[in-house]
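Here is a short briefing to read alongside the model. Have the structure open as you go through the points.

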Amino acid sequence: DRGSERGNGRQRDGRAAEAGQNARKDDAEVANQRHVHTQRIRRARMLADGAQTQAEARAVKHVPHHDHQQEGDIGGRVGVEHQIEEAVLPEQLCRALREVIAQPDEQVVEDAGQLASLLTEETVSAGVRIRLDSEVKKVEACPEGGFLLLVEEKGAERTVYAKKLLIAVGGKSYPSMGTTGDGYVMARRLGHGITPPAPGLTAVCTEMKELRTLKGVRAKAKVCLKFEGKQLFSEEGEIQFRSDSVSGICVMNLSNHMKPHGSMSFDGYVIAADFAPFCDEKELTAYMKAMQTKQGLSVCDALKSLIKYPLAEAVVSRGGILPEQRIADLTEEEIVKTVRSIKNFEIPVTGLKGWKEAQITCGGVAAEEITAGTMESKIVPGLYFSGEVTDYAGPCGGFNLHHAWLTGILAGKAIAAEV
């Protein structure tokens, strides 16, 4: 009986210990959820309560992606904290953010359609009239102030007078969303200069023969854009080979720096890819010579620990070496050629992918013709611009979205203060 009692006692103790462990796990999970929830609410309050006063106390700063900072320009490549500090959020949007962010995790849906619906509802509730299926055919500035808009609505034309006018129609990318570049036409007719639009954040076209075997290959590399031998831009990342082009985030960022000349020509542009950015030519040469002690090993097999096999074939072929050639048989000159091909694999450029693939539009209304902080035209009083219609092209990572939101908020607040 005593033995049975001791056994039952051990079972009870075991169950109690297991229950204690489960309880501690549950407590830890609840604490973690509470921490995440608290951080979410704190972030919403920062956005809602702190952003407006901080933004009004400082000028808009522009930190372009070419590494130097300029004050007083629009847009900017800024960090998340600066985005929070410098964004001027309308009161109604702040209230909506509080309501959404303060929900439990399982109820938060990061869906663009729902966000669009939320913003539309908030806009309508503020008394704003939204007219769909209305195309602005022509815009004229009135001598006494204001603007006349010729609008085609359901097949009929009518004239609309506006005290203030905000052009926020996007650029030319994503034509399926309705963008046509008409904002540039309006701005030009109103006297503004336009930097010629070009596709941005897009794939770069090439006709190099190796694409036949490299299609679908992805590789880590440092890419460098050169024009007539002069370096314009470089970035490390992943390059993707396609049937008629190269892509990847680093290549897309590089595409922002390519401007056609003459009759839309891209002659003179070359992308140089370094497939071993983690070492220099001297170290890579030493590695190749060390691999020569491996009898019967082909050159491509020796390179497999550095780059993918199809890419190794393309690299050694550039140096005039057969992929199946044994590395032990390479001469000093052939090793040098192979190393240089790995470190400087040139991709000739024939153009950029078109507007259907471009994520943004480079070019637009000249930034020097827009007042920083209000987005008002320096040429036509009462005329404002925001978003991609302006001459701004940021890298991948949300910078272009931030620019669109920031300039829209600045223009909206400036207009609201005067009407």
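L132 is exposed, because its relative accessible area is 63%, which puts it over the 50% cut-off. L132 lies in the loop between α4 (112-125) and β3 (134-141). Please keep in mind that this is a predicted model.

**Surface and loops**
- Together with V124, V128 and I130, L132 makes a nonpolar surface patch of about 370 Å².
- Another loop residue to look at is E228, found between β9 (218-227) and β10 (230-241).
- E228 counts as exposed, because its relative accessibility is 63%.
- From C-alpha to C-alpha, E228 and V270 are 8.0 Å apart in space, while 42 residues separate them in sequence.

**Nonpolar cores**
- The largest nonpolar core has 47 residues, and V204, I239, F241, M258, I271 and F275 are those with the most contacts inside it.
- Helix α10 (residues 309-318) gives this core its largest share, five residues.
- A second, separate core has 25 residues, including V151, I167, V365 and V389.
- Leaving aside residues up to four places away in sequence, F275 touches A219, K220, A221, I239, F241, I307, L311, V315, I342 and F345.

**Cysteines**
- Zero disulfides turn up in a search of the whole structure.
- C224 is buried, because its relative accessible area is 10%.
- C279 also counts as buried, at 14% relative accessibility.

**Salt bridges**
- There are 15 salt bridges in the structure.
- One of them joins the side chains of K137 and E135, at 3.8 Å from N to O. K137 is partly exposed, with a relative accessible area of 37%, and E135 is partly exposed at 43%.
- E140 and K138 meet through their side chains in a salt bridge of 3.2 Å, N to O. E140 is partly exposed, with a relative accessible area of 39%, and K138 counts as partly exposed at 39%.
- R318 forms a salt bridge with E210, and their closest N and O atoms are 2.7 Å apart. This pair links distant parts of the chain: R318 sits in helix α10, and E210 in the loop between β8 (204-205) and α6 (211-214), 108 residues apart.

Definitions and conventions. Residues numbered from 1 in each chain as written. Predicted model: local features only at pLDDT ≥ 70, side-chain atom pairs only at ≥ 80, totals over all residues. Heavy atoms only, no water. Core = buried A, V, L, I, M, F, W, Y, C linked by side-chain atoms within 4.5 Å. Buried < 20%, exposed > 50% of the residue type's maximum accessible area, 1.4 Å probe, protein only. Helix = DSSP H or I, 4+ residues; strand = E, 2+ residues; numbered from the N terminus. Contact = heavy atoms within 4.5 Å. Patch = residues over 30% accessible without salt bridge, like charges linked within 9 Å, V, L, I, M, F, W, Y side chains within 5 Å. Areas by Shrake-Rupley, 256 points an atom, 1.4 Å probe, with all protein chains shown as cover. Salt bridge = Lys/Arg side-chain N within 4 Å of Asp/Glu carboxyl O. Disulfide = S-S within 2.5 Å.
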